[in-house]
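Grab a pencil and work through these exercises one at a time. Try each task yourself before you read the solution.

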Amino acid sequence: MSRRSALIATLGVILLIALSGPAMAGGYAVVHLDEDPGDVLVATPWRFGFVVLQHDVTPNSDVTPIVRALHKDSGDEVTATGVQQGAIGHFVVEVTFPRAGEWKWSIEPRPYAETSFATLTVIEPEPRSVRRWPASPWGRYWLKPDKIIEQQRAATTDRGATRTVAILDPWVFAPSSLQVPPGTTVTWVNRTATIHAVTGNDLAFDDSGPIAPGQSFSTTFEQPGTYRYRCGPHPGMMEEIIVA
Ligand SMILES: [Cu+2]
């Protein structure tokens, strides 16, 4: 009898260990887009494909992938459900954005947690009648668009400090809480052998896409506030950036 209860207790402990900590986060899936989004136009269906990989290794069709996009200015939400097509674990979906501007978006391969992607800029289609550049070849030298953008970028990031958050085993962000002045660029470096992602709870937070081992992701925090974030595929990894 005592031997049996000892056995039951042992089994119970094994079960508890199996269900707790990193093992529980072990059930995860990562979404990879077939290709980078490119130019996405407002009010125009955007059809694209993606692959769902269990533990970022094995293609898995046994999920319901929900695409969710939030317009950063208005908070408008668009959702769509992927349909399995082609190889195992491959899905296609069509999304139509009703507004131009920046959309924060992710794909949640239910029952697993989401993979977030870089903020998508949805653009207005260019009117055919308006010509962007003067017909004269000399106009190109006067109006070089790349230079204007570069100058604007330099002006907004010159003052910025840079800080690093390491992603370490056993799947943690270090430091867990980081306080920085406005204008700081924070870089997350994945020093583990597993894919991770930086997914902000706040609409103002520009998410990373999947960050492969050895890769990094940077974003600049302009506005004061507390920005909580998590790892999309492993939502148990959860930390914050305080901009003050
Ligand atoms: Cu992770």
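**Exercise 1. In what order do the four strands of the open sheet lie, and what kind of pairing do they show?**

Solution. Before you start, note that this is a predicted model, where local features need a pLDDT of at least 70, side-chain atom pairs count only at pLDDT 80 or more, and totals for chains, interfaces and linings use all residues. Residues are numbered from 1 along each chain as its sequence is written.

- Step 1: Find the strands, which are DSSP runs of E with at least two residues, numbered from the N terminus (helices are runs of H or I with at least four).
- Step 2: See who pairs with whom; two strands pair if DSSP finds at least two bridges between them.
- Step 3: Read off the order, β13-β18-β17-β15, with mixed pairing.
- Step 4: Check the edges: β13 (177–180) and β15 (199–200) each pair on one side only.
- Step 5: Look at β17 (residues 225–230) and β18 (residues 238–243), which pair in the antiparallel sense over six bridges. Here Y227 sits opposite I241 in β18.

**Exercise 2. How far can you trust the model, judging by the mean pLDDT of the chain?**

Solution. 

- Step 1: Recall that pLDDT is the predictor's confidence in each residue, from 0 to 100.
- Step 2: The chain has a mean pLDDT of 84, and 76% of its residues reach 70 or more.
- Step 3: (A contact means that the C-beta atoms of two residues, placed from the backbone, lie within 7 Å.)
- Step 4: Draw the lesson: where pLDDT is low, the predicted coordinates should not be read in detail.

**Exercise 3. Which strands pair with β9, and in what sense?**

Solution. 

- Step 1: Locate β9 at residues 101–110.
- Step 2: On to its partners. Strand β5 (residues 64–71) pairs with β9 in the antiparallel sense over eight bridges, and L70 has K104 in β9 as its bridge partner.
- Step 3: Strand β10 (residues 115–123) also pairs with β9 in the antiparallel sense, over six bridges. There, E102 stands opposite T121 in β10.
- Step 4: Follow the chain from β9 to β10: a hairpin joins them through four residues.
- Step 5: Ask how covered β9 is. Seven of its ten residues are buried, where buried means that 20 or more other C-beta atoms lie within 10 Å of a residue's own, exposed means 12 or fewer, and partly exposed is in between, with C-beta atoms placed from the backbone.

**Exercise 4. Is E108 buried or exposed?**

Solution. 

- Step 1: Count its neighbours. E108 is buried because it has 20 C-beta neighbours inside 10 Å.
- Step 2: List its contacts, leaving aside neighbours within four places in sequence: P65, I66, R68, A113 and E114.
- Step 3: Pick out P65. The C-alpha atoms of E108 and P65 are separated by 5.3 Å, although the two residues are 43 apart along the chain.

**Exercise 5. Where are the peptide bonds that are cis, and which residues have a positive phi although they are not glycine?**

Solution. 

- Step 1: The bond from R110 to P111 is cis, with omega near 15°; P111 is in the loop between β9 and β10.
- Step 2: The bond from D169 to P170 is cis too, with omega near 0°.
- Step 3: A43 has a positive phi of about 60°, and H55 has one of about 55°.
- Step 4: Compare their surroundings. A43 is exposed, with 12 other C-beta atoms within 10 Å, while H55 is partly exposed, with 14.
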